[in-house]
There are 2 protein chains.
Amino acid sequence: MATLRLALDAMGGDNGPSVVIEALQRAHRQFADVQFIVVGQDAVLQPLLTSAGLDNSPRITLHHAEQVVEMTDKPGYSLRAKPQSSMRIALDLVADKQADACISAGNTGALMTNAYFALKTLPGVLRPALMSAIPNRQGGHAFLLDLGANPVCDSDTLFQFGVMGSVAAQHVLKLEQPRVALLNMGSEDIKGNDVVKAAAQLLQQSPHVNYIGFIEGDDLFADRADVIVCDGFVGNIALKSCEGLAELLMHNMRQSISSHWTSRLFVKLFQRQLQKSWDWLKPDHYNGASLIGLRGVVIKSHGDANSDAFFSAIGQAITAATQGLPNLIKDKVETVLLEQQ
Amino acid sequence: MATLRLALDAMGGDNGPSVVIEALQRAHRQFADVQFIVVGQDAVLQPLLTSAGLDNSPRITLHHAEQVVEMTDKPGYSLRAKPQSSMRIALDLVADKQADACISAGNTGALMTNAYFALKTLPGVLRPALMSAIPNRQGGHAFLLDLGANPVCDSDTLFQFGVMGSVAAQHVLKLEQPRVALLNMGSEDIKGNDVVKAAAQLLQQSPHVNYIGFIEGDDLFADRADVIVCDGFVGNIALKSCEGLAELLMHNMRQSISSHWTSRLFVKLFQRQLQKSWDWLKPDHYNGASLIGLRGVVIKSHGDANSDAFFSAIGQAITAATQGLPNLIKDKVETVLLEQQ
């Protein structure tokens, strides 16, 4: 296949362009056959590229974008008032087939709105979904979606999330028959609200999805399912609550560190292990989230991500673009829709 | 005031009656002016009371109940088919003013349905809510509700949960002006679904609630609010997801323990500290949940609770009954409703 071309929104994220350029430096070294289009303000990015020794690479192009979407911008405002933002231009490059994927650490709401506008959903897809890989106790991962693109979902939309997540798990997690579950407040059929119950029926009836039933929050990390489906309100709160608990634990650990010499010793001994756990505790910080169901690959890196996280998001974008994930999803959704008619 | 009388459903919970009797033994010693009505099967409970040395106490009455609600019983079935269950009779004792509070570790759905039927909601209260205290990083607590009594809530119901939670926080957590927040997928006004947005307006307009706005999942344990309101679907999944993360961490810790001698040493040194963190990690295991909005005090201890947790639930029941929490809620809800007319 032709060389892969990635558009990086270099102005997004709480930590500014330097994180993006740092990640680019590593990705440029590691992925020798990938072209990078760095989108953002020339005056800011040129010096960073120069000091990173990247200004003369034939695989890096700087694409100027005058405007910047701020983390505080409302999605609608970013769409109307900032057509020349680095985020929007990076997405437009994908829409115009000048890039194969876009990666941004910018404002999530703005990215979803701009991506939806610039790329459109795949034929037959009702809504795009934000999906991320969460770790499980067997050392593997499960895809959780939606994480906040859709505060309210009907049962058809949840059903489609199951179909799309299943395609992604087949090709990205390399699973033949990914186990698809709905996140619910109980595992029995009678539990939950009408929307999840109706979605369960649709998934149950589909020959294209290996639906295993409802799972509860305490099974999120238990390797019970490979694809876990919920609406964006629930998914956002489930993941962020875990972040909150992780922060509480780290706070408690710091308190105990300052009070006991034995724990100071322990921390010395286990610093690497602790860091690893910490990364696990905040899975969405470590892994980028994919915006799936669109006519192109869009990966969202966490707003306060460091360069490791942005680098990991670049890797995800390369996997999804190499697989041609949007086309695989399109084919499956078409098959499912034809059968339902 | 007259002696407090507590009805204990002695047959509920995964761990059976022995956990309840163990907790009773401690509560009987600690709360010297409380009467305990132990409800369940004579043949099972009498020997346990005898071996615990409690069979001759004038403050303990054994109240026979033929039937037992199983953890797998559906709520409607438990209501129709088991009118002589220990759970139902314990609730009836509260309804008939023969007891001031009921404590059960039984099937949550069945307890909610039976309590709703036996006790009814307070005048003006739309729905009862399941509420629990979660820890925060300042060493304090916040009340989180609803935890699963109501999979779907309208904005009026969420508003009432804010009012009821605020009254509980005033009297139980001893706060003059508890900070009330709505759990949402973003902190800006435009975030979330129509129900939380409408509930926010109602709370904002009420002079009876110190409403501080939306908070996100990562602020659950951050001491941002004293009362955190959501529907039962979201609350259940938020808390259970935290449980799931806690289990993942414990699993990882056990793995690391078996592989490094240094961590085995660490665990020896920190066993108490670890246990404390573990209790924190599963707040609903440690703290009982109150079913509020009913014409009586009902405390739910976790199904797989140990005797410490059941003892803690007894303490909560005593606090709520001594305060007369149902009447305090009734007065406040009446005031609010009159003002809305």
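Trainee: Contact means heavy atoms within 4.5 Å. Which residues does Q35(B) touch, leaving out those up to four places away in sequence?

Mentor: Q35(B) touches T3(B), L4(B), R5(B), L6(B), P58(B) and R59(B). This is a predicted model: local features need pLDDT of at least 70, side-chain atom pairs count only at pLDDT 80 or more, and totals for chains, interfaces and linings use all residues. Residues are numbered from 1 along each chain as its sequence is written, chains are lettered from A and ligands numbered from 1 in the order in which they are written, and side-chain values use heavy atoms, without hydrogens and water.

Trainee: Where is Q35(B) found?

Mentor: Q35(B) lies in strand β2 (residues 34–40) of chain B; strands are DSSP runs of E, at least two residues, numbered from the N terminus. L4(B) is 31 residues away along the chain, yet the two C-alpha atoms are separated by 6.0 Å.

Trainee: What covers strand β11 of chain B?

Mentor: Both faces of β11(B), residues 297–300, are covered: V297(B) and I299(B) on one side, and V298(B) and K300(B) on the other, are all buried.

Trainee: And which strands pair with it?

Mentor: Strand β4(B), residues 101–104, pairs with β11(B) in the parallel sense over four bridges; pairing requires at least two DSSP bridges. S104(B) stands opposite K300(B) there. Three bridges join β10(B), residues 289–292, to β11(B) in antiparallel fashion, with L291(B) opposite V298(B).

Trainee: How many residues lie between β10(B) and β11(B) in their hairpin?

Mentor: Four residues lie between them, and G293(B) in the turn has a positive phi of about 100°.

Trainee: Switching to chain A, what is the strand order of its open sheet?

Mentor: The 11 strands run β3-β2-β1-β4-β11-β10-β5-β6-β9-β7-β8, with mixed pairing. At the edges, β3 (60–64) and β8 (210–215) of chain A each have a single partner strand, so one side of each is left without a neighbour in the sheet.

Trainee: Which residues have the most contacts inside the largest nonpolar core?

Mentor: They are L6(A), I314(A), L6(B) and I314(B), in a core of 226 residues. Such a core is a set of buried Ala, Val, Leu, Ile, Met, Phe, Trp, Tyr and Cys residues joined through side-chain atoms within 4.5 Å. Setting aside neighbours within four places in sequence, I314(A) is in contact with residues including L6(A), L8(A), F31(A) and I103(A).

How values were computed: Buried means under 20% relative accessible area, exposed over 50%, partly exposed in between (1.4 Å probe, protein chains only).
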